[in-house]
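I opened this notebook to keep track of what I looked up, strand by strand and residue by residue.

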Amino acid sequence: MALPRHANVIIVGGGIAGCSTAYHLTRLGITDVVLLERRQLTCGTTWHAAGLVGQLRATRNLTELAKYTADLYHSLEAETGQATGFKQNGSISVAKTAARLEELRRGASMGKNFGLQIDELSPGEIKERWPLLEVGDIVGGIFILKDGQTNPIDTTQALAKGAKMRGAHIFENTRVNGIRVENGRATGVEIDAGTISADTVVLCAGIWSHHLAASCGVAVPLHAAEHFYIVTEPIAGLPGNLPVLRVQDECAYYKEDAGKLLMGGFEPVAKPWGMNGIPEDFCFDTLPEDYDHFEPILAAAVRRVPTLGNTGIQLFFNGPESFTPDDRYYIGETPEVRDLFVATGFNSVGIAASGGVGKVVAQWIADRRPPMDLADVDIRRVMPFQANRRYLHDRTVETLGLLYAMHWPNYQYQTARGVRRSPLHDRLIAAGACMGETAGWERPNWFAAPGSAPRYEYSYGRQNWFDACRAECQAARDAVALFDQTCFAKFLVQGADACAILNRLSTSSVDVAPGRIVYTQWLNERGGIEADLTITRLTERAFMVVTSAICQTRDLAWLKRGIEARDDAHCTVTDVTSGIAMLGIMGPRSRELLQGLSGADLSNAAHPFGHSREIEIGYARVRASRITYVGELGWELYFPAEHCLDVYECVLAAGGPLGIRLAGYHAMAACRVEKGYRHWSHDIADEDTPLEAGLGFTVAWDKPGGFVGRDALLAQRARGVPDKRLVQVMLDDASPSAPLLHHEEPILRDGVIVGSVRSGAWGHRIERSIGMGYVGCEAGVTKEWLASGRWEIEVACQRYPGRVQLQPWYDATNQRIRN
């Protein structure tokens with residue numbers, strides 16, 4: 001068949017992700033689909049994947065997609081007639097240490113939220129299910145019943161066949177040289193034979209995706225790394241139903257493969273590949289063996305599975321796989337170019353993820369909106385600097401191994417650090433800051449006491465910074481704390497239509513007097529929360545939008561598209577994040593400090609909560625905004641970055657007699673959970689509405705012109721009390737041994753799971769283990785329903801009595817922030 005001149009959807013790349021996307025588009029009735037593969041289907045990474053199909057992921061929706069993948073692969077052969085080799089033989093993960101066992105148990109508890117059947121196993125039970133395993137130093141493990149494995153090539157061919165059966169066209173040996181972009185939209189692709197136009201382009205090109213995206217100004221940060229495994233000679237009597245085995249403490253996985261064992265690893269220090277480009281003729285290629293590099297994992301495997309010592313190696317394999325800076329794949333429409341979608345960067349989970357990924361990407365293309373909360377893998381989380389090749393090379397050294405490393409709470413990357421730094425960076429380091437990294441920013445997570453080292457000692461309990469964090473929280477409660485918040489994203493919105501556009505996007509009314517601060521959400525048409533931020537009106541035609549560092553790309557893209565939606569809009573947006581420093585001065589003595597420095601009247605009468613004005617500090621003009629994210633009286637200070645050291649020195653010097661203390665982001669997180677302040681991507685996201693999240697107070701129901709999502713919220717309000725609501729959670733146990741809540745711990749009412757934790761912390765101002773999470777009741781989550789239940793929170797397979805309520809645990813009446 002000749003290449004068409006136009007297609008509704010063009011998919012670039014014939015691996016399993018591309019074929020799954022084509023398959024699911026045709027299932028939705030979108031059949032004018034053309035898939036272009038540079039060589040042959042699966043010839044990049046898919047063909048040599050291990051084919052593991054695990055289902056437990058870090059979030060509910062990603063787990064649901066993995067569960068869907070397993071169900072799809074189970075039925076695919078019957079639908080298409082193409083064998084896939086899929087079998088659900090389950091998986092076992094084992095632990096050599098108490099810490100790893102706690103990690104596995106926490107994962108098992110989380111899996112219960114998602115409907116997975118997960119059983120805890122003793123060493124003896126592990127031995128029964130995996131007889132070849134040496135379990136003398138194993139302390140326990142878990143078994144996931146419906147995990148399994150598949151043949152990657154056959155499964156991809158089945159997806160491709162299914163797509164073609166419904167009208168899609170697949171062209172091999174057709175190289176895409178570039179993506180055509182006109183007026184900010186993808187309009188087709190360039191191939192050797194010319195151009196094919198399209199309404200939508202989907203980039204599923206695996207290790208080639210970074211280069212192709214960069215050619216049209218789009219950041220898709222990924223880098224190839226060498227991935228090793230061996231396949232043994234046949235082993236007599238090897239059970240065909242042997243579960244997939246993961247020994248993460250030894251960086252290794254095992255699977256039965258046609259009477260042989262396949263053993264692969266994710267070594268702590270990986271080997272990036274392809275720094276000088278990928279050979280043009282790369283097709284089913286392998287990379288050179290490196291026995292010395294893989295030998296430590298192989299030696300441990302021989303001790304773990306002694307029969308390997310008496311079995312020959314049939315194949316020593318090395319091939320490239322793509323890894324992203326945060327070990328999460330990319331899907332969705334790119335923020336830089338409309339109608340250009342991606343599904344790529346799978347970090348060795350492409351086979352397990354691609355069924356679900358193809359489904360949601362197809363739905364996203366059809367509806368032009370994500371079908372569920374996919375923030376963890378949304379391409380809009382990417383920062384532009386992450387496309388830097390040196391950065392990707394250096395981070396990839398670490399990210400491959402992190403797949404099987406301990407998944408510690410608050411883990412900080414060790415590689416590719418120092419990308420973005422506040423003007424105060426060196427001063428804070430000198431003051432004992434232990435830096436963490438968020439969106440490339442180096443920012444102080446906590447400050448070590450004199451004589452102690454500012455470095456992490458990880459655990460699932462109280463980590464070594466616990467006492468330092470307590471002192472910082474108590475300084476915010478009792479005196480004054482200084483937070484460097486320069487990393488927060490800041491956008492300057494200007495023009496005659498700026499107010500109207502922001503008002504249309506925002507739940508709150510931003511048509512306020514200059515000098516007022518508005519806390520608001522931006523919603524999608526379904527009423528889900530796309531952004532959570534503040535907007536300060538500077539003048540009649542100028543506004544400053546402030547949001548979190550991780551949302552910089554996403555929120556800026558949402559704002560730009562809101563401007564584009566208005567014909568002939570007289571409105572511009574400028575990202576001024578890099579030019580404006582930001583300090584948070586928080587605590588009951590913050591007014592005394594700032595009034596003494598500036599000479600300004602900052603009393604309640606002169607400067608109420610939610611107001612912003614310019615004052616003088618040192619030699620600088622500073623915008624002082626009375627608002628807080630820690631639940632104390634305080635001001636956020638904004639000023640040009642070149643004044644940062646001057647302002648900092650003045651504040652620190654004047655604050656000394658008042659007990660000022662430098663504070664980090666762990667303290668900020670603990671305080672905001674105590675106060676019930678939401679965090680986008682943890683407590684609220686695009687499937688949660690303001691009414692469910694307890695943010696109905698931000699909604700200006702009757703403002704002129706309405707707002708995006710209003711109709712959905714009106715319909716929800718008319719139905720009465722929501723059947724899902726965000727609640728505050730507290731464990732009854734106040735002892736130092738009380739477990740800490742982190743994420744997705746099940747919440748039980750009268751012994752039945754009714755929700756899960758979204759955020760957790762130790763509240764140092766109330767001395768309790770607390771969190772926030774959603775609970776559900778079909779008849780409505782009322783105060784009476786909450787009060788009448790017996791509540792428990794499950795942590796690492798153990799249930800702990802607790803309490804839930806709608807109001808925050810700390811200063812529910814807001815007296816402290818308004819005094």
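**Strand β12 and its surroundings**

I began with the pairing of β12 and found that 3 bridges join it to β15, the two strands running antiparallel; strands pair if DSSP finds at least two bridges between them, and strands (E, at least two residues) and helices (H or I, at least four) are DSSP runs numbered from the N terminus. I noted that this is a predicted model, in which local features need pLDDT of at least 70 and side-chain atom pairs count only at pLDDT 80 or more, while totals for chains, interfaces and linings use all residues. Residues are numbered from 1 along each chain as its sequence is written, and side-chain values use heavy atoms, with hydrogens and water left out.

Within the pairing with β15, I saw that Val 231 has Leu 262 as its bridge partner. I then followed β12 to β17, where 10 bridges join the antiparallel strands, and Ala 224 is partnered with Ser 322. Ala 224 also stands opposite Trp 273 in β16.

I next asked how many residues of β12 are buried, meaning under 20% relative accessible area, with exposed over 50% and partly exposed in between (1.4 Å probe, protein chains only). The count is 10 of the 10, so β12 is largely enclosed by the rest of the structure.

**Helix α7**

I turned to α7, residues 291-304, and recorded that its buried residues include Phe 294 and Ile 297. The buried residues of α7 pack against several strands, among them β12 and β17, contact meaning heavy atoms within 4.5 Å.
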